[in-house]
Amino acid sequence: MSQPVPASSAQGQPGGQAKTSPKRAGRIPEPKRFKIFCGSSNQPLAEEICKFVGVPLGETRLQRFSDGEVHFQLLENVRGVDVFVVQPTCWPVDQHLMELLIMIDALKRASAGRITVVIPYYGYARQDRKDRPRVAITSKLVADLLERAGANRALLVDLHAAQIQGFFDIPVDHLFASPVLVSYFREMNLPNLTVVSPDAGGVERARFFAKKLEVPLAIVDKRRTDINVTEVMNVIGDVEGRTCLILDDIIDTAGTLVKTADALLEQGAAKVYACATHPVLSGPAVERIMNSRLEQVVVTNTIPLQEDAAKVGKIKVLSIAGLLGRAIESIHMETSVSTLFS
């Protein structure tokens, strides 16, 4: 009797050859299922993050036409990939913001699985409400632009006002640089330390910092008379004979910082240090810090220092690449990011 032909045989195939199905592409190894790209604003930080997480920096081509128009191209496949774009919107703010929007659009059109914008410094954050008639709320505008461009998630560091998270309709992870800064000053072991908030708006931030260091808190009453112009009024708290640490989120022109330091010293402070997350350092900031009575100004690398600032011995830069790297890994693996706050 003839045996039945198995379904997988070559019955009915020309030449008696078996029919073969096309070879399936292999799965992407888990460690490489996310990619990191960056623009031109802070490539050293992006490279440091990539080194920390063990992922190469994504290959791109970013060029400019003669009139300054940005041309961006991805040089590798991102289809279905979890993508992180590292780009602080620091000086020149408009240029770097536009770069970021164009990068997001390119990733969206290249079918990236998820696009997370990693913005160590969120430009336009200081205009977060209508504090005067007929002014724009630019922090909300930027959030809308990022979402409209195609961002699915945002990872931000030390927002000027925490409520800016509510301006986004996509998930936002808000990190704080305080763990890095606290560790540094804890190792310094400064005697009779008091943490100082340079204004009422930064009291919550300063209180958290003081609690971590287990030291007292003082507040400087500040009145702003115009943009980048402040007048220090008085010091609330006992600073006589103590080492003071001024804590802020941004150092822009350093006018507030230097006036706060002078006010503390006039009230009998022994020494004054300062720390901030974002070293904007615009205008006369570097000269003011050099000529001030501050012992040291500690900042992070959310923004790369300009050449003149990098030469100032008083300015110390700490890296938050490890903090951002761990956050990126947590977002990718869908684990808790809140453990990084401590």
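Author: Two strands pair if DSSP finds at least two bridges between them. Helices (H or I, at least four residues) and strands (E, at least two) are DSSP runs, numbered from the N terminus. Here five strands build an open sheet with parallel pairing, in the order β1-β4-β5-β6-β7. Its edge strands, β1 (34-38) and β7 (172-175), each pair on one side only. From one strand to the next the twist averages 20 degrees, where axes are lines fitted to C-alpha atoms, for helices over the stretch in contact, and angles run from 0 to 180 degrees between N-to-C directions.

This is a predicted model, in which local features need pLDDT of at least 70, side-chain atom pairs count only at pLDDT 80 or more, and totals for chains, interfaces and linings use all residues. Residues are numbered from 1 along each chain as its sequence is written, and side-chain values use heavy atoms, with hydrogens and water left out.

Reader: Over how many bridges do β4 and β5 pair?

Author: Strands β4 (residues 82-86) and β5 (residues 114-119) pair in the parallel sense over five bridges. Asp-82, for instance, has Arg-114 in β5 as its bridge partner.

Reader: Which helix packs on the sheet?

Author: Contact means heavy atoms within 4.5 Å. Helix α9 (residues 321-333) touches β1, β4, β5, β6 (153-157) and β7, and its direction makes about 160 degrees with that of β6.

Reader: What is the mean pLDDT of the chain?

Author: pLDDT is the predictor's confidence in each residue, from 0 to 100. The chain has a mean of 90, and 87% of its residues reach 70 or more. Over residues 5-13 the pLDDT is below 50, and this stretch has five contacts in the model beyond near neighbours in sequence. Residues 24-28 are also below 50, with two such contacts.
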